[in-house]
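Visitor: Hi! Please put the structure up, and then I'll start pointing at things.

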Amino acid sequence: MISAFPLRAAEVIPPIGAPVCNHVRFYPAPSREQNMVGGKFNGSNVSATEGFHVIAEIKETPRTGEWTDLVFPNNKLYRWLRYDAPPGSHGSLGELEFYSGARKLDGFRYGTIGDLNGRGWRYAFDGDPRTWVEMEDPDGQYAGLDLYEQATARTPKFLPPPGGVDPPLTVELNELTPYATVRYTFDGSIPTATTGEVFKKPFKLDKTTTVVAAAFVEGWAASPPLIGTYLIGDDIKPGLSTLHLGNTLTDITAQFPMYARTAGREHRYRTFTIPNAATNLLWSEHAQGRKREWEVNLKVLSRIDDVTLQPRNFHIEEEAENDRQFIELIRAHTPDVQPWLMVEWVERERGRPSDKGVVPSTEMKKVFPALTWEESMAAMLLYVEDVQKVVAAKDKGEKPVRVLPTSLAMGWIHSQIEHGQFPGAKTTDFYPLLFRDGVHPNPNGAYLVDLTWYAAFYRESPEGKMLPVGTNLTPEQITAMQKLAWDVIQNYPDCGLYEEGKTPVEKPEFSPTARAIKEVTPITLSSATPGAWFRYTLDGTTPTRTNGYVYCGVISVRPGMTVKAVAYKSGMADSEVTDASYIVDAPVTPPRRPAPKLPQ
């Protein structure tokens, strides 16, 4: 029987065996035991960051070099469990474990973004008391578990399961928790306890539709959403088969097939990844340790339309050779495959060789350290473009390797957020909105990456097509991301969508204009042509639309530099190259006073 409304929390007792947290164990960081006093253990049924209630508190200094067991009364079931460190403590935690009685709980582990000396929140869950958490910011530090469906009503199931079908179709939701209310949507949004249609009987579909459903019991967290797209009749569009090589930054696109389905495409997707791996390790594994997995990938994908590789070995010749080897291997399977080199983003600390300005470029005589996130994104692109050039020198394939500039989307959205130009976001929201740690995007950030992939692979704008299922973005943010992704892919010439034109783009304008400066000064570029893109150099080299740093919203100019820039836009001719010199503003030397005459 389906309840029309959720039962009240008092009427629903957690079932026997439910993971009700009433016991925690923790181990303090060495010589920082006092820093844990005032730390709180909290539970929430709202989200990983909101709606928390205190269920226990550390009131005494933990013993040095020992585990502390804290047992407390609690009969409320929480999906999200979290330790909140006291203000000023920098985290100061060696190990953390949550229990229900004597049963240790586990789930998705998460924590605050950032660290000090590499001691991030992952060390709270690594099982080794000799390692500990030490965060850069003294306040606001936390780590916790998401128990998912262990602590919610059962996620409903579709009957029949999503797939390609002929209309009309009747869909039912089954395997329901008897006392839960189930709601569903057709617009890609995740239902809440008050939004979406209440499921009372099977519903009919006569066109391609994405259905999202969730179960609700008052006082409990909502179930994880059930997401499925039914591709119906003439609405089904041709789909691609793609293979993706890399590491966990490639893995964040795991939902890409789902997103492509929301656009009406039956997309086939496989990965071959190793955490933190560069391409050389993947090459070794494909032929040795994981040869069987590699063979299965090629068997499942009867053809491969697009393959992505993820360069990150800054020995460019080595990276290019490994990329070329993989491309040739895949061409033996599908000769007309389109290879892509995906330009990844960098870590929050921005300490890569490309950030430090020590990776030479064939596009300029001299490169410089990246002083902002935006410049780091441009520097990574510059590195991958040089990898591409080395691959191309030996490549004889039917389709030349292309560059997939995801870093430009990351650079521009950072600029938009930081300058208050991204809808509904505070200027400090870049990491909270888009990332789950210092380098891995959350579903919102992954959606932006997937939008760029869709635009590049399917050669069309994702606007109004790819539903943002699984994100918590507002409609305005969704539209802004979709437009940004299309703008990036359409205006990056190597993606193959750029069109030449006859009317030139208006020339770049500098703000502030050329002048004497005493210190590093942020410079912005603009053009009277709306939507213009820019490439620039800092070493006197003449930029073109394919040479130089791609502008992502700011240039850090040092005293004595001359900035040269060109503006370009798909469908138009390039602007003239303009420059601005920022000479050294030397301090004025006061006139020397004549030496006093000594008395005779």
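Visitor: Where is the place of glycine 239?
Guide: Heads-up first: this is a predicted model, where local features need pLDDT of at least 70, side-chain atom pairs count only at pLDDT 80 or more, and totals for chains, interfaces and linings use all residues. Residues are numbered from 1 along each chain as its sequence is written, and side-chain values use heavy atoms, with hydrogens and water left out. Helices (H or I, at least four residues) and strands (E, at least two) are DSSP runs, numbered from the N terminus. With those labels, glycine 239 sits in the loop between β18 (226-232) and β19 (241-246).

Visitor: What does glycine 239 count as: buried, partly exposed or exposed?
Guide: Buried means under 20% relative accessible area and exposed means over 50%, with partly exposed in between, using a 1.4 Å probe and protein chains only. Glycine 239 has 35% relative accessibility, so its label is partly exposed.

Visitor: Which residues is glycine 239 in contact with, leaving aside its neighbours within four places in sequence?
Guide: Contact here means heavy atoms within 4.5 Å. Aspartate 126 is 113 residues away along the chain, with 41 Å between the two C-alpha atoms. The contacts that glycine 239 does have, beyond its sequence neighbours, are Arg265, Glu266 and Tyr458.

Visitor: Which residues is threonine 406 in contact with, leaving aside its neighbours within four places in sequence?
Guide: Threonine 406 belongs to helix α8. At 1% relative accessibility, this threonine counts as buried. Sequence neighbours aside, threonine 406 is in contact with Met342, Val343, Glu344, Trp345, Val449, Thr452 and Trp453.

Visitor: How far apart are the end C-alpha atoms of helix α11?
Guide: The expected span of a helix is 1.5 Å times one less than its number of residues. Helix α11 (residues 475-491) has 17 residues, so it should span 24 Å. The model agrees, since the end C-alpha atoms are separated by 24 Å.

Visitor: What do the buried residues of α11 pack against?
Guide: Among the buried residues of α11 are Gln477, Ile478, Trp486 and Asn491. They pack against both strands and helices: β23 (402-404), α8 (406-418), α9 (430-434), α10 (443-458), β26 (533-537) and β29 (561-568).

Visitor: At roughly what angle do the axes of α10 and α11 cross?
Guide: Two packed helices are described by the angle between their axes and the distance between the axes. Axes are lines fitted to C-alpha atoms, for helices over the stretch in contact, and angles run from 0 to 180 degrees between N-to-C directions. The axes of α10 and α11 come within 9 Å, and the crossing angle is roughly 40°.

Visitor: Why is α10 called oblique to α11?
Guide: Under 35 degrees counts as roughly parallel, over 145 as roughly antiparallel, 65 to 115 as roughly perpendicular, and the rest as oblique. The α10 and α11 axes cross at roughly 40°. That value is why α10 is, relative to α11, oblique.

Visitor: How do α7 and α8 run relative to each other: roughly parallel or roughly antiparallel?
Guide: Their axes are 9 Å apart, and the packing angle is about 170°. Therefore α7 and α8 are roughly antiparallel.

Visitor: How many residues in the contact of α7 with α8 are charged?
Guide: Ala, Val, Leu, Ile, Met, Phe, Trp, Tyr, Cys and Pro count as nonpolar, Asp, Glu, Lys and Arg as charged, and the others, Gly among them, as polar. The contact includes Trp373 and Glu374 of α7 and Gly411 and His414 of α8. Five of its residues are nonpolar and four are polar, while the charged ones number two.

Visitor: What kind of peptide bond joins leucine 159 and proline 160?
Guide: Most residues other than glycine have a negative phi, and most peptide bonds are trans. Proline 160 lies in the loop between β11 (157-159) and β12 (164-165). Omega is about 0° for the bond from leucine 159 to proline 160, and the bond is cis.

Visitor: What is the phi of tyrosine 148?
Guide: Tyrosine 148 is in the loop between β10 (142-146) and β11. Although tyrosine 148 is not a glycine, its phi is positive, at about 50°.
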